[in-house]
Amino acid sequence: METFFPVVQRQPGELTVALAGNPNVGKSTVFNALTGMNQHTGNWPGKTVSTAQGRCRRGKDRFLLVDLPGTYSLLAHSAEEEAARDFVCFGGADAVIVVCDATRLERSLNLALQVIEVTDRVVVCVNLLDEARKKRLSINLNALQQELGVPVVGVSARARRGLDALLEQTARVARRETAVPAVRQPYPQPIEKALAAIQASLPPIPPGGPSVRWISVRLLCGGSEDTRRISDFCGCPPDFGPAASAAASDARAALARDGAGRQKLLDQIAACPVLWAESAAAAAVSSPGRGDALDRRLDRLFISRRTGIPVMLLLLFGVLWLTIAGANIPSQWLSARLFAVQDWLSAQFMACGAPEWLHGALVLGVYQVLAWVVSVMLPPMAIFFPLFTLLEDFGYLPRVAFNLDCCFQKACACGKQALTMCMCFGCNAVGVTGCRIIDSPRERLIAILTSSLVPCNGRFPAILTILSLFFVGAAEGPGAALLSALLLTGVIVLGVGMTFLCSRVLSKTVLRGIPSGFTLELPPYRAPQVGKVIIRSVFDRTLFVLGRAAAVAAPAGLVIWVLANVTAGGVSLLAHVSGALDPFARLLGLDGVILLAFILGFPANEIVIPIAAMAYLSTGTLADLDGLALHALLLRSGWTPVTALCTVLFSLFHWPCSTTCLTIRRETGSLRWTFLAMALPTAVGMGLCFLTASCARLLGFPV
Amino acid sequence: MNTEPLSCLREGQHARVLSITESGAMRRRLQDIGLIEGTVVECIQKSPSGDPVAYGIRGAVIALRRAQAASVIVQR
């Protein structure tokens, strides 16, 4: 597995500061608050997948902040932890800020203590002080500083309180103006003795590397690939040379003679930070009562045996219904405006006396497809993304993973796959990158291979359009939106079900293995920041996805116009190509044009329906492509309800878009797996479509 | 006082950790979330299918699959 070691481009005079912390402690909020929201990456559901970097300044000090992936430990069990660990140890950071959650201080201190063991340049940032106050927890920061021996700063990042003090302390630590902390909580005496012996035999460690104490602990634990990697990074001989290796094995032997075998030694080393965190939290936190009663009540609603699954489906349905009902009006408005612009453009072309082919290629080709993509995609995305982000901010996504874990367990996959699947609803490519949170390489591959079985936002509009045209009918008003949402919920449930099925098939065939154990934290619920969520999701997600779609739609519109208007032997190229595809497509209940549209839509699924419509229109034009006109056009082109159903199935299950394929190639490092990731959903889709079409034919439906 | 695996706890019950039978990386992971000898664990909520189960461990709520919970020996 490759390392995702972030590359830092540091400018002279800058202080490099790493930002570490558990997931869900508001680390990204601290990062965004410090860098002034200059950083828009990594705000997809779940977590900071790749390392974000941003800059800020305080007085004369300039900082380069590196936002590390959220992790619980530095022991490098997963690719993310490895990236965080490697950067803390070897990334050349001048200081590390460890962000802790004031409402779950003891839990989040564990990582802080591990970081403190690696480097002495640590600032502990206790975030979410405002939340703690709401839960009637009082945190004594001075007492905590006494316990930890490193600067502690209290912060409420969402309200932007305490950030200046945080930067001030960070600058002091980075410039080594603070005292080197003493070891506060030593290991049991025999282990300390062993560590001292190993330390004495270590070769010199270059400055900026991890502490000798941490290296000694790793050597004493021994027996892992880890120590070799660490010594490589430090530029030391393998395993820090024979003297250190010998000292370590001597020390282990001596401990074993005294009755502390390897297991007991590891247990004692593991217990130390836990006990330290316990005493530090006990000294710092005083609580008059049970502050998490509300969380318990909410959990009884969201994850209990009786209500967990129904509430989850209801939420999914609710989000889709709001999206559909809310998107109708702006969609019509946008479409009317954009097509009015088209008329104006046409008039301008005529007035200039531009040749007909130029007008056709640019206005009827490029502009028309572009206008369509914008008017169809923008409104649903602008509603869906913020709603989704609100649920994410609220802390609901880990609960989805909790509710669905049993299915993934039966599929011999990782429970965290539920989280990456949720990311896939936004964008499959992002979901694939998100699979880095899965520890086991086998389970990670399963998650990657099945990532495109849930519809991404690029596919929602197409599926939705067809569903509402053919299965909801021309009914207006709230009833239609409800029915559309219900059907779309069904489509999504089908996709999720297929994810389980394919994961199971994969883990029984090419990726055989037993499910690895997993632990999942259910973070406290938090009131989402509605305003920020809307801004963030509109700018980060909606415009990003839209921009990508538009960038693909414009050339695709041109290609389709050329295909439709260049003739060979009296027949347009488009008719040649779609005619060649037609017999095969008919087997699947589709037609040649639809299949061609899916093939041309490889760069971005959003443009499939616009391309199909353009192809049907061929050389003709339409003033306005609203729902009714589109329905009439499709019916004229021979669509039946069976065609519509098969098109929906095929857009749910077919090859992933080019971006996703490239991402899979990058993440798996293998063409073979990339090919399988394309073949798997395609096979599923073709199989289902063939089955549907054949059944329909047998039952006498027109196909 | 009888001992039992953590997975046998019913919702609302508390117990004290005695030992872990899991070994290797998973053992360390369980220790990292705070399951060391003497830690008091509360069974908070079972999932819709009964597996995994959410436990209250040192102020945090953490879900464990039955296989992992069965490897933690506790005393009520």
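This is a predicted model: local features need pLDDT of at least 70, side-chain atom pairs count only at pLDDT 80 or more; totals for chains, interfaces and linings use all residues.

Me: Why is C412(A) called buried?

Reply: Its relative accessibility is 9%. Buried means under 20%, so C412(A) counts as buried. You'll find C412(A) in the loop between α15 (397-410) and α16 (417-426) of chain A.

Me: What is phi like at C412(A)?

Reply: Phi of C412(A) is near 60°, a positive value in a residue other than glycine. R160(A) also has phi near 60°, and it isn't glycine either. R160(A) sits in the loop between β7 (152-154) and α6 (163-174) of chain A.

Me: Which bond joins D51(B) and P52(B)?

Reply: A cis peptide bond, with omega about 5°. P52(B) belongs to the loop between β3 (40-46) and β4 (53-57) of chain B.

Me: How do you know that β3(B) and β4(B) pair?

Reply: Count the bridges: two strands pair if there are at least two between them. β3(B) and β4(B) have 5, in the antiparallel sense, so they pass that test. Within this pair, C43(B) stands opposite Y55(B) of β4(B).

Me: What makes β9(A) an edge strand of the sheet?

Reply: The open sheet has 7 strands, in the order β9(A)-β5(B)-β4(B)-β3(B)-β2(B)-β6(B)-β1(B), with antiparallel pairing. β9 (519-521) of chain A pairs on one side only, and so does β1 (3-5) of chain B; these are the edge strands. On average, neighbouring strands are turned by 40° against each other, ignoring direction.

Me: How do you know that α15(A) packs on this sheet?

Reply: Look for contact, meaning heavy atoms within 4.5 Å. α15(A) touches β9 of chain A as well as β3, β4 and β5 of chain B, and its direction makes about 145° with that of β9(A).

Me: What makes E106(A) stand out in the second largest pocket?

Reply: E106(A) is among the residues nearest the pocket's centre, along with D292(A), R58(B), G59(B) and A60(B). A lining residue needs an atom within 4 Å of a pocket point, and 32 residues line this one. The space in this pocket is about 820 Å³.

Me: Which strand gives the largest share of that lining?

Reply: β3(B), with 4 residues. By class, the lining has 13 nonpolar, 9 polar and 10 charged residues.

Technical notes: Residues are numbered from 1 along each chain as its sequence is written. Chains are lettered from A and ligands numbered from 1 in the order in which they are written. Side-chain values use heavy atoms; hydrogens and water are left out. Helices (H or I, at least four residues) and strands (E, at least two) are DSSP runs, numbered from the N terminus. Buried means under 20% relative accessible area, exposed over 50%, partly exposed in between (1.4 Å probe, protein chains only). On a 1 Å grid over the protein atoms alone, a cavity is a set of points where a 1.4 Å probe fits but cannot get out, and a pocket is an open set with protein on both sides within 12 Å along at least five of seven lines; lining residues have an atom within 4 Å of a point. Grid points are joined across faces, edges and corners, and a volume is the space filled by probe spheres set on the points. Ala, Val, Leu, Ile, Met, Phe, Trp, Tyr, Cys and Pro count as nonpolar, Asp, Glu, Lys and Arg as charged, and the others, Gly among them, as polar. Axes are lines fitted to C-alpha atoms, for helices over the stretch in contact, and angles run from 0 to 180 degrees between N-to-C directions.
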